[in-house]
Amino acid sequence: MNYLSVENISKSFGMKPLFENISFGINEGQKIGFVAKNGTGKTSLLNIIAGNDTADSGNVVSRKGLKIAYLPQEPDLDPALTVEQTIFSSDNPILKIIEAYEHAIENPEDSEAYQKAFDAMEAHHAWDFETRYKQILFKLKMENLHAKVSTLSGGQKKRLALANALLTTPDLLIMDEPTNHLDLEMIEWLENLFAKENFTLFMVTHDRYFLERVCNEIVELDEGTLYSYKGNYSYYLEKRDARIENEATETGKAKQLFKKELDWMRRQPKARTTKSKSRIDDFHEIKDRASKRRNDHQVQLELNMERMGTKVVEFHKVSKSFGDKPMLDKFEYNFNRGERVGIIGKNGTGKSTFLNILTGVLKPDSGKVVVGETVKFGYYTQAGIKIKEGQKVIDVIKEYGEYIPLKKGRIISASQLLERFLFDPKKQYDFVEKLSGGERKRLYLCTVLIKNPNFLILDEPTNDLDIVTLNVLESFLLDFPGCLLVVSHDRYFMDKIVDHLFVFRGDAEIEDFPGNYSDFRAYEDSNIQEKRNASETTTKTKKDWKQDSTPAKLNYNEQKEFNKLEKEIANLEKNREELQNKFATENWDGAEIDKQSIKLQEIIDKIDQKTERWFELSAKMGE
């Protein structure tokens, strides 16, 4: 079923055309990833489809009654509302029923209102939906339902807007960078949600693993032309490379034909027949094809950065806490030259604190950080740069440096660096306020690099960058000869760039893992499987022991206890399995999850206790 059709739409920003005559359709069940360079109008296209903007020409035709939810990069939420009020303010009628019930619970003296609200919950089967909305908020770390929107961070606002979009149960969900401000656990949860539920999606995201695991179609806007690929991101890459190779072949053929036709054009007489006029028209078309070239940029810099000494950065028993929450506890580590470290962990586990202590922005509570004399930090933070009104792109970067020294006495100017990071000469003299969010991030990156650091620290560098820019950045970082420390939720980026990980697990626990993110996930999954296998082996050993033993050496009471233990352990193991399955199938809220977790632990403790006694009696039987 067709949900929405985009018919020959065009949009310009001032005198600059963003896209022209774009056409495609969105059908029920499709999960489409939209890929294009920064500055080509991705966000403008999403706004037009969502009905928040209009095209200069063309139409967007949607099915009658189609319900669309839109998650923008910068959500517009009412700052006066609480988290819960924001959720209830949506137009989902089930949420209105839940809101009335929540209000009735808070006012128990009005029994009539409570009964009415309870009956409405029953009639509309709202209990399951209440559990679902609380579970979604719990997964997105939005447990404080009474917090005012005005007190939330930018990341919390984005997660609240995401929860709101999911809970409106739309026919079509449009998302602009949905994984921004989500930690890895949240991203993987969202991937699983989209995989198992029948969402229809149209989204822009730079997260290539997310595209790989969620999308079943990739739509690319490249050099003004729209291409559609019926598959995931890997399929898109394969077919896109084949298309580009084919285009290069066709361009080569066109160039040969152009030479031939150009010779004919120069030799032809002034009196032209109808046939020759047709050939002249064809000549101009051939000329266009022959002169077509791709605008793909590659960063190729042989940086002549300041040489590092043998001492880089040393952490000596560094501790840091905020109140009663420890972030680092006697942490020790010595960085070596050329190290490439990735940092992963849930939000709030101390990643940014670690970076700020490393760079001297924060002082540790105890211990010390020793920085080598030759170390020159380049620190790319999530905060970005403050833009002065009326500033041009080239002026911004020149405030930080005029050039970078290269090998063999060469230099690269600020303008040349910008060009290598996809700011053409014309763009460099644009006002910064005209730049898109991704272009500003790219400019900020250039201001960090122009200072020619030899220890580069990147805190979420991939946020708001398009895939083309990410490829440029990866190409640069792979050749970067200094130390590199990266915090990122972009798993694809981490896999390509880093050699080992600092895993921040919370409560000041930091693990040094020797591998990239995919290696880490495989290791974690294998640990879970090993625990399951160990549990199965214990059960099997217990059964085998029983078959090989006789109860001859047990007295009457012990024999009775032995038989009773077998039944009790079997029942407890059944209860444990049933409860573990419920964790995967039930939509419990945070409080219920805590309650059931305690119950599960009690069952496991009883199994361990009774199993230990079972082995004691079995050993006695074998004496």
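How many residues does helix 5 have, and how far does it reach from its first C-alpha to its last? Helix 5, residues 126–139, has 14 residues and reaches 20 Å, close to the 20 Å expected at 1.5 Å a residue; the expected span is 1.5 Å times one less than the number of residues. Helices (H or I, at least four residues) and strands (E, at least two) are DSSP runs numbered from the N terminus, and residues are numbered from 1 along each chain as its sequence is written. The model is predicted, with local features needing pLDDT of at least 70 and side-chain atom pairs counting only at pLDDT 80 or more, whereas totals for chains, interfaces and linings use all residues, and side-chain values use heavy atoms, without hydrogens and water.

The buried residues of helix 5 include Phe129, Tyr133 and Ile136, where buried means under 20% relative accessible area (exposed is over 50%, partly exposed in between; 1.4 Å probe, protein chains only). After helix 5 comes lysine 141, with a positive phi near 55°.

Helix 15, residues 467–478, is mostly covered: nine of its twelve residues are buried, among them Leu470, Leu473 and Phe476.

The whole structure holds 28 aromatic pairs, counted for rings of Phe, Tyr and Trp (its six-membered ring) with centres within 6.5 Å; planes under 30 degrees apart are stacked, over 60 edge-to-face and the rest tilted. Phenylalanine 354 and phenylalanine 502 pair edge-to-face, at 6.0 Å centre to centre and 90° between the planes. Because phenylalanine 354 lies in helix 11 and phenylalanine 502 in strand 19, the pair ties together parts 148 residues apart in sequence. Both phenylalanine 354 and phenylalanine 502 are buried.
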